[in-house]
Amino acid sequence: MKAVRVHGPSDLRIDDIEPPVPGPRDVVVRTAVAGICGSDITFTRIGGVAAAQTEPFGLGHELAGTVAAVGVDVVGIAPGDRVTVNPMGDGNAIGNGVPEGAFAPLLLVQNATLGGSIYRLPDSVTFEHAALIEPLSVALHAVRRSDVQQDDSVVVFGAGPIGLGIVALLHERGVREITVVDMSSSRLQRACRLGATQTVNPAEGDTFDTLAAALGSGSVFGWPTINARLWFEVTGSAEVLQSIVAMAPSRARMLVVAVHHTPVPVDFQMALAKELDFSMSLAYPDEFPEVLALLASGKLDVSAMISHRLPSEDFFAAFALAQDKDASAKVLVDFSD
């Protein structure tokens with residue numbers, strides 16, 4: 001079968017490999033839809049998860065599909081089940097430097113358990129939306145860690161898929177004032193569809209002045225500030241992180257969700273004077289079930305996150321499109337044929 005694999009820095013190939021055969025405790029999932037994540041792009045660029053690896057590894061970790069085969073010792077999972085996969089569940093690391101990756105028609109899930117790595121989908125949840133559960137779980141973990149309140153004024157920097165997911169989940173929780181900052185007008189339009197109350201494009205004017213006009217301003221020891229209690233950093237830009245420290249008011253909180261690949265200098269004199277709180281949010285320790293329940297209930301409509309769905313034979317076009325922030329949001333790859 002054909003599988004997308006990384007062979008080294010910026011060396012992405014579609015290889016012919018043997019179809020997986022499940023061991024006694026394993027499950028094979030027939031991929032229907034898989035999403036392209038920013039980490040897939042990063043892993044490809046560096047040729048590994050943290051550094052270049054010596055052996056090829058499978059790419060892709062956001063997926064939904066149908067169970068194709070199960071091992072003899074697997075309990076509660078049967079061929080034909082519609083499922084999504086937690087790529088880190090049951091000790092797996094699918095798409096994270098191991099042979100297994102979601103960009104293939106068949107995926108081996110080792111030591112599979114229901115509610116561990118495998119989640120059965122209700123009929124009301126489409127494969128397209130189910131493929132978003134992994135990034136939405138990242139977003140939900142960040143929202144949970146933020147301790148957001150409905151009357152908080154929230155600013156989200158970055159309207160990529162994770163930022164858009166954060167907006168949708170803040171809106172679902174009844175947050176009344178959500179401002180999104182991004183350089184892409186099309187992504188800002190998607191943010192509005194997901195619940196943003198106002199948007200700011202730094203390319204169209206001074207960010208501080210625009211935020212001040214929308215949210216109000218103040219000062220701390222002579223430093224001008226914006227009246228927003230909660231700030232999400234989802235860009236990975238050192239400049240953006242520094243600007244949030246400068247703009248945030250006293251006792252504001254910043255959630256850093258994006259990966260910063262190089263050290264970031266922070267003005268801790270200013271942060272100390274303002275008594276700012278910094279929190280980091282990584283992955284999704286136990287958010288998969290809640291996201292699935294929200295999608296199944298109809299309370300969370302994330303259709304606006306999806307910008308493109310391309311057939312698997314056009315994978316390289318899809319991968320290029322996912323790197324074009326002006327043209328795309330979440331790009332899905334269709335393996336259903």
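**Entry 1: N111**

I began with N111, which counts as partly exposed at 33% relative accessibility. My cut-offs here are buried for under 20% relative accessible area, exposed for over 50%, and partly exposed in between, with a 1.4 Å probe and protein chains only. N111 is not a glycine, yet I found a positive phi of about 50° for it. I placed N111 in the loop between β7 (106-109) and β8 (118-120). For helices (H or I, at least four residues) and strands (E, at least two) I use DSSP runs, numbered from the N terminus.

**Entry 2: ground rules**

I note that this is a predicted model, in which local features need pLDDT of at least 70 and side-chain atom pairs count only at pLDDT 80 or more, while totals for chains, interfaces and linings use all residues. Residues are numbered from 1 along each chain as its sequence is written, and side-chain values use heavy atoms, with hydrogens and water left out.

I next looked up D147, another residue other than glycine with a positive phi, here near 55°.

Helix α3 (residues 133-146) has 14 residues, which at 1.5 Å a residue should span 20 Å; the end C-alpha atoms are 20 Å apart, so the two agree. The expected span is 1.5 Å times one less than the number of residues. Of the 14 residues of α3, 12 are buried, so the helix is largely enclosed by the rest of the structure. Among the buried residues of α3 I noted E134, H141 and S146.

**Entry 4**

I found strand β12 (residues 217-220) paired with strand β13 (residues 223-226) in the antiparallel sense, over four bridges. Two strands pair if DSSP finds at least two bridges between them. S217 stands opposite I226 in β13. The hairpin has two residues between its strands, and F221 there takes a positive phi near 50°.

**Entry 3: salt bridges**

I looked up the salt bridges and got 14 for the structure. I count a side-chain nitrogen of Lys or Arg within 4 Å of a carboxyl oxygen of Asp or Glu. I wrote down three of these pairs.

The side chains of D16 and K2 meet at 3.0 Å, N to O. D16 is in strand β2 (residues 11-16) and K2 in strand β1 (residues 2-8), so this pair ties together parts 14 residues apart in sequence. D16 is exposed, with a relative accessible area of 59%, and K2 is partly exposed, at 49%.

For E128 and R309 I have a salt bridge at 1.7 Å, N to O. The pair links distant parts of the chain, with E128 in helix α2 (residues 127-130) and R309 in strand β17 (residues 306-311), 181 residues apart. E128 is partly exposed at 22% relative accessible area, and R309 is partly exposed at 36%.

R173 and E290 form a salt bridge at 2.8 Å, N to O. R173 lies in the loop between α4 (161-172) and β10 (177-181) and E290 in helix α9 (residues 288-297), so the pair ties together parts 117 residues apart in sequence. Salt bridges with shared partners join R144, E172, R173, D286, E287 and E290 into one network. R173 is partly exposed, with 26% relative accessibility, and E290 is also listed as partly exposed, with 26%.
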